[in-house]
Amino acid sequence: MAGLFLNNLAHTESGVKLDLTSEQEELCRVVYRRHDEEKNIFIFDSLWLPEAEYSDNHIIVPIRSTYDGLSDEYPAGTCFANVEGSGHDPQYDNPYSPSGTQWKISWIELIRRAYKGTNYSCTSCCANQTVYKSADNTSFTISCSSSMHGAHVLMGSTESKDPLITKDAVFLLPLCSNHNTYSEITGHYGTGYYMKLNRKMKAVKLIGYMKEPEPGTLL
């Protein structure tokens, strides 16, 4: 199955401002999957891979329809937690795909473009090295790595959550691989802990939920 392409969704005001080439416009898409229990709700799954197989429980939309600009500035020390189930595709660690083409865009590349012309940077991790357990607020240290990811996070949260249930807004922040994938408590990435910003930051806003698409919008 190829999934369902929704090519005629309205672009967000911020999405229109993204500096994408025509090739990137065609190929930079976001995949949403139908929730296991709430069948009329779709939650984001990953960036689209042209070579991947998707079922009829997936819809694929232009990235310009899901990008919602930058948040207000958060002060250093603001808590944030990972989004449960957002996943990370290793192919997109580098904006250059394995085949050598250069038109794919990663989550971290999306942050770079969003920060263009601002005082904010995604060249280093935005998290303190002290990480906190959600269960009891005890802390431990994780040293930063040099590999940067675009992480799906919940701003102001001290607990990782499923945004479908909590209705929390979903954001992107630049996190190193150590902070983006570590879980001491459950063994599952993105759960059981929270972090704090090591500097003032604006986060990239994503529109994370979609209603059941109208049949006429499926192309």
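These are my notes on a predicted model of one chain.

**Entry 1: the whole chain.** I began with the secondary structure and found five helices and 13 strands in the chain. The chain has 219 residues, and 47% of them count as buried. I then looked up the accessible surface, which comes to about 10,700 Å². Carbon and sulfur atoms hold 48% of that surface. For the contacts, I took those with a separation of 6 or more; residues 24 or more positions apart account for 78% of them.

**Entry 2: helix α3.** The buried ones are W107, I108, E109, L110, I111, A114 and Y115. I looked up what these buried residues pack against and found six entries: strands β2 (29–34), β3 (41–47), β5 (67–70), β9 (148–155), β10 (170–176) and β12 (204–206). After α3 comes G117, and I noted its positive phi, near 85 degrees.

**Entry 3: R29.** One of the strands packed against α3 is β2, and I picked R29 from β2. Is R29 buried or exposed? Its relative accessibility is 6%, and because buried means under 20%, R29 counts as buried. I checked for a polar partner and found the side chain of N7, in polar contact with the R29 side chain at 2.6 Å. Setting aside neighbours within four places in sequence, I listed the contacts of R29 as F5, N7, L47, W48, I60, V61, P62 and I63.

Conventions: Residues numbered from 1 in each chain as written. Predicted model: local features only at pLDDT ≥ 70, side-chain atom pairs only at ≥ 80, totals over all residues. Heavy atoms only, no water. Helix = DSSP H or I, 4+ residues; strand = E, 2+ residues; numbered from the N terminus. Buried < 20%, exposed > 50% of the residue type's maximum accessible area, 1.4 Å probe, protein only. Contact = heavy atoms within 4.5 Å. Areas by Shrake-Rupley, 256 points an atom, 1.4 Å probe, with all protein chains shown as cover. Polar contact = N/O pair within 3.5 Å; in protein donor to acceptor, adjacent residues only side chain to side chain.
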